[in-house]
Amino acid sequence: MVLGSGLLAAFELQTLPEQLVNGLQYGAVYALMALGYTMVYGVLRLINFAHGEIYMLGAYTALFVSWAFGFSPAQELGTQTNVWIIIAMLAASMAVSALFGVIIERFAYRPMRSQPRIAALITAIGVSLLLQYGGQLFLPNSPAPNVSQRVNPFPGAYSFTLKAADPELTAKAESQQQELKRLEGLWTAQQIKEKDTYNPSPEGKAIRDAFFNTRATYDKAVADARATAITVGISKGYVIIFVVTLVLMAALRHLVLFTKAGRAMRAVSHDFDSASLMGINVNKIVTLTFVIGSSLAGAAAMLSATFQAGIKIDTFFGLLPGVKAFVAAVLGGIGNIPGAVLGGFLMGLTETMVVWGGGSDYKDAVAFVILILVLLVRPGGLLGSAKVEKV
C-alpha cells in the first residue's frame, strides 16, 4: 500500500498535459534524426552510426554562426537579435551536416559497398569514433559552450489554462494575502520603533511572529490553490521546433512521393541492381539520400541547441540523441519513413512519461529497454516488415 501510494503521488495529473507537450517536442527532434537512419538503411541496408556525429556537427555550426553574428560570450552584450539570424543558423547547420554526410558516404561507405555488411558496420562505428575524438582537436570542447539564449528572438512561453483553480481555495489565498499585507505594514512600522529588530520588544515580537506565521499560511494556501489548477506552458521555442519539424517532414514526404528523385530513391531502396539496370544513377541517388538525411539531422541539432535552454555542446553531443533516434527508427520499422516519424514521437512521449512518473534518472535507459523489447517481440518494428534480417 505504501509503494502504491508513492507511485500515485509521483503521477501528478496536473503536470500530465505539459509533459505530453514536452514529449511531442522531444519526439519531433528524434523523428528528424530517425529519418536519416531509416533513409540510409532503406537505400544501402547500412546503419549509419556516424549519424549522431553529423547531428553534433550541425550543433557546432549553429554555435559558430551565432558567434559570427556577435553572440559569442565575449561579445553578446549589446548585440541585437532577429529572425534572420535563426534562419541563417538553420540553413548553415543543414548545409554543413549535408556536406559532411556526402564526404562520409563518398570516402568511407562507398568503397565498402561490395564488402560484407559487417565491414560497412565497423566502418560506420569507426567514423563515429573518429568524429567524436578527432573533433576534440579543433572544436571548442572544454568548457563545453552553448548557444546563447539571447540569439532567440522568441523568448517566453504561451500559457493555457485547462482547468481553473478551486474557487474556495483561491478565495482563502486572497484573504490570507490581505491579512499578510496588513501585518507586513504593522511589522514595517514597528521596526522603526525597535532598537534591535533581532531582539524586539514583546509587542514587536508578537507582530513579527504573526507576520511570519501568516506568510507561511499564505504560501501554503497559494500552493494548495495552484495544485487544483491545470495549466500548460509551452515555450515559444518549442513551438518553433515543432512547426519546423512538421514543415521539413512534409517537404520530405512530397520529395519522396511526388518527384522524379523520390521515385528513383524508392526504386533504389527496392532493388539496388535493378534500379541501376533501369538507368538510374545509383551513386547520385545514394548521395542525395545522405544529403537529405544529414541535413535533417543538422536541422534537429540547430533547433535543440538553440531553443532548449542550457544545452552544452561537445563532441559527444550527438551520442545519446543518436542512440535514441536509432531506437526510434527500429521501433517504427527501420527503412520505413512513416515508421521513423511514429517511432520518434513514441520515443519522446515514452521518455517524458518516465520523467512524469518520477524516474528522471532512468529516462535515458528507457531507449535500451524499448530496443530490447522490440527485438524480442517485433524485430521489424511497428510499421516495418516482419521479416528478420541480419545486419
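Visitor: Which residues of strand β2 are on the covered face, and which on the uncovered one?
Guide: In β2 (residues 230–235), Ile230, Val232 and Ile234 make up the covered face, while Thr231, Gly233 and Ser235 are on the uncovered one. Strands here are DSSP E runs of at least two residues and helices are H or I runs of at least four, numbered from the N terminus. Bear in mind that this is a predicted model, where local features need pLDDT of at least 70 and side-chain atom pairs count only at pLDDT 80 or more, while totals for chains, interfaces and linings use all residues. Residues are numbered from 1 along each chain as its sequence is written, and side-chain values use heavy atoms, with hydrogens and water left out.

Visitor: In what sense do β1 and β2 pair, and over how many bridges?
Guide: Antiparallel, over six bridges; pairing takes at least two DSSP bridges between two strands. Lys163 has Ile230 of β2 as its bridge partner, and Thr161 stands opposite Thr231.

Visitor: How many of the seven residues of β1 are buried?
Guide: Zero, so β1 lies largely in the open. Buried means under 20% relative accessible area, exposed is over 50%, and partly exposed is in between (1.4 Å probe, protein chains only).

Visitor: Switching to helix α7, what span should its 26 residues have?
Guide: α7 (residues 202–227) should span 38 Å at 1.5 Å a residue, and its end C-alpha atoms are 38 Å apart, which agrees. The expected span is 1.5 Å times one less than the number of residues.

Visitor: Which residues of α7 are buried?
Guide: Gly204, Ile207, Arg208, Phe211, Thr214, Tyr218, Ala221, Val222 and Ala225. What covers them includes α6 (167–193).

Visitor: What about Val327, buried or exposed?
Guide: Val327, in helix α12 (residues 319–332), is buried, with a relative accessible area of 1%. Leaving aside neighbours within four places in sequence, Val327 is in contact (heavy atoms within 4.5 Å) with Met347, Ala367, Ile370 and Leu371. Val327 and Ala367 are 40 residues apart in sequence, yet 6.4 Å apart in space, C-alpha to C-alpha.

Visitor: And what does Asn22 touch?
Guide: Tyr238 and Thr352, not counting residues up to four places away in sequence. Asn22 lies in helix α2 (residues 16–44) and counts as buried at 17% relative accessibility.

Visitor: Which elements have the lowest and highest mean pLDDT?
Guide: Helix α1 (residues 2–10) has the lowest, 44, and helix α4 (residues 83–109) the highest, 94. pLDDT is the predictor's confidence in each residue, from 0 to 100. Over residues 1–9 it stays under 50, and the model has zero contacts beyond four places in sequence for them. The chain averages 85, with 94% of the residues scoring at least 70.
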